[in-house]
Structures are given as C-alpha cells and as structure tokens.
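Here is a short report on one protein chain. Keep the sequence and the 3D view open as you read.

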Amino acid sequence: MQFSKWHGLGNDYLLVERAELAFPLTPERVQKICDYHFGVGSDGIVEVLSTNGDSAECVIWNPDGSTAELSGNGTRIAARWLARRNGLDRTRIRVGPREVLATMRNGKLVETEMGLVEVGDIEPLDVEGKQYEIVPVSVGNPHAVIRHAPDHDEFLRLGPAVENHERFPNRTNVQFAQIDGPHDVSATVWERGAGETLSSGTSAVAVASAAVRHGWCESQVTVHLQGGDLLVELDDDFHARLTGPAEEICSVELSEDFEL
C-alpha cells in the first residue's frame, strides 16, 4: 500500500486514496502509521475519499487517531496533489461541511479560500494557577490564541493544558502569538491531537484573525512559524485567504511485514 509524503513548511502529512487502501483506516492504525519510531512517521494523514474532476473530498487524520474538522496545510497538500494529477490550476477540496477553493500560484505556492472565520472577545483563562488572556477563534476547527511568548518549557506545559482545558470540551488548537509589527506576527503552535508542530495553516489564520479583530495588526498578515511564513488576507467580513507552499517529499510503501 503506497502513500505519498508531503509537507507544508515542515508540517508533514501522508496522502493516500481510500480506493487504494488494502484495509480501512482506523484510529489505531493511524496512530501506528504516524509513529516516527515504529511507523512511517507524520503529523497526520490526508485520506482522499473521492475525486471528481477538479474536486476531492478528504478526511484529515491527526496522529493520535482523531480527525480534524479542517486543516490548512492538509487541504493545500490535497489541492496541489489533485491539481498536478489532473493538470489543473484550480481545485476544490471538501473536508466535512467546509469546501476550500484552491488556486495554484508560482512554484509550490497554493492560495486557498478558507471561508468565514469567527473571532471571539478576549477572555480570561486560568491555567495551572495563573491567568492568561485568550481569544477563541473558529476556522471550522477550534483555536485559542494567546498573546504571549513562552519559553520552550512553558510552551510544553501550557500547550497541552490549554488544549485539554474544561473551557474546550472538544479540545482546541493553541497558538502563542507575538506581535512584530502592523503586518507581522510570530507564533508557536500546539496542535490538537498532534502536539508541537512546525506549521499549521488554520492556526496561522486564527492568529491573523485574532490580531486584526483586536487591533494588534492590519490585514494582510504574515505569520512567522517555526517552519516558515504563511500569508493571511482577511476581508471586512473576516473571510480568510491563506497562501503557502505544499511540497511532495517522497513515496512510501508499507512493507508486507508491517503489522496493523
């Protein structure tokens, strides 16, 4: 069974078509395949359920076996995969109820229309006996943006604590943001179901949207992540456009000896 391995600024995914699978993906199988020591290793799996011309329907699996409502990097990867396979400049990728329109740009860049972003008010959150200010954001999936630049040890403590906080019954993605200028934000990401990650497309959208909504920045916003930069543009109604790279790394075939 063959996968292709891709990444968006270091956020790596395995892509596979359901029709090519020898067995259905389950949470347990996804965990084993995504394990960097005992499996192939990845930040998740993009499972292509079906394609029809310029469109594809996908499921985004997290490495812990859960599924994501949306993934900015995952949809860019699926979009570029489909565009290259079918010789297209524009594609549509559906993940659950949300459809993302993608346009291929120069080189490896893919521009995606991410849809409406919902940004909440700043609210207090008690974490480990200390109060932080968070901005809840929905990009089709949940986010908690914190304007704070923790050191790495604090990041590793706060990330899972906020992800699993009772404020978020379905858990949440967590971003720590530092404002660098009117159009620049640096962010670190703790991804729900994955942990620390070098890049996250929906996280970049969440950070930029929170920054614009609360007057920290003006659109367009370049979000500087550990793996590189993503560009987020927001219109007056907070519909987001995300631009960043998607690159294939290699093809991977599971050995017959690999037990699932």
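## A charged patch

Where is the place of glutamate 253? Glutamate 253 sits in strand S19, which covers residues 247–253. Bear in mind that this is a predicted model.

Is glutamate 253 buried or exposed? Its relative accessible area is 57%. Exposed means over 50%, so glutamate 253 counts as exposed.

Look at helix H2, residues 72–86. It has 15 residues. From its first C-alpha to its last it reaches 21 Å, close to the 21 Å expected at 1.5 Å a residue. H2 is mostly covered, with 12 of its 15 residues buried. Among them are Gly72, Ile77, Trp81 and Leu82. Two arginines, Arg76 and Arg80, are also buried in H2.

Now turn to helix H4, residues 201–213. The buried residues include Gly201, Val205, Val207 and Ala211. Glycine 215 follows H4 and has a positive phi, near 80 degrees.

Most residues other than glycine have a negative phi, and most peptide bonds are trans. Which residues have a positive phi although they are not glycines? Leucine 9 is one of them, with a phi of about 55 degrees. Arginine 171 is another, at about 65 degrees.

Both are in loops. Leucine 9 is in the loop between strand S1 (2–8) and strand S2 (11–17). Arginine 171 is in the loop between helix H3 (152–163) and strand S13 (173–181). Leucine 9 is buried, with a relative accessible area of 12%. Arginine 171 is partly exposed, at 25% relative accessibility.

The peptide bond between serine 219 and glutamine 220 is cis, with omega about 5 degrees. Glutamine 220 lies in the loop between helix H4 and strand S16 (221–225).

## Salt bridges across the chain

How many salt bridges does a search of the whole structure find? The count is 17. One of them pairs arginine 84 with glutamate 248, whose closest N and O atoms are 2.4 Å apart. Arginine 84 lies in helix H2 and glutamate 248 in strand S19, so this pair ties together parts that are 164 residues apart in sequence. Glutamate 248 is partly exposed, with a relative accessible area of 25%.

Aspartate 121 and arginine 213 also meet through their side chains, at 2.7 Å from N to O. Aspartate 121 is in the loop between strand S9 (118–119) and strand S10 (123–127), and arginine 213 is in helix H4, so the pair ties together parts 92 residues apart in sequence. Aspartate 121 is exposed at 51%, while arginine 213 is partly exposed at 35%.

A further bridge joins arginine 167 and glutamate 123, at 2.7 Å from N to O. Arginine 167 is in the loop between H3 and S13, and glutamate 123 is in strand S10, 44 residues apart. Arginine 167 is partly exposed, at 33% relative accessibility. Glutamate 123 is partly exposed as well, at 21%.

Salt bridges can also form a network. Arg105, Glu111, Glu113, Glu233 and Arg241 are linked in this way.

Notes
Residues numbered from 1 in each chain as written. Predicted model: local features only at pLDDT ≥ 70, side-chain atom pairs only at ≥ 80, totals over all residues. Heavy atoms only, no water. Helix = DSSP H or I, 4+ residues; strand = E, 2+ residues; numbered from the N terminus. Buried < 20%, exposed > 50% of the residue type's maximum accessible area, 1.4 Å probe, protein only. Expected span 1.5 Å × (residues − 1). Salt bridge = Lys/Arg side-chain N within 4 Å of Asp/Glu carboxyl O.
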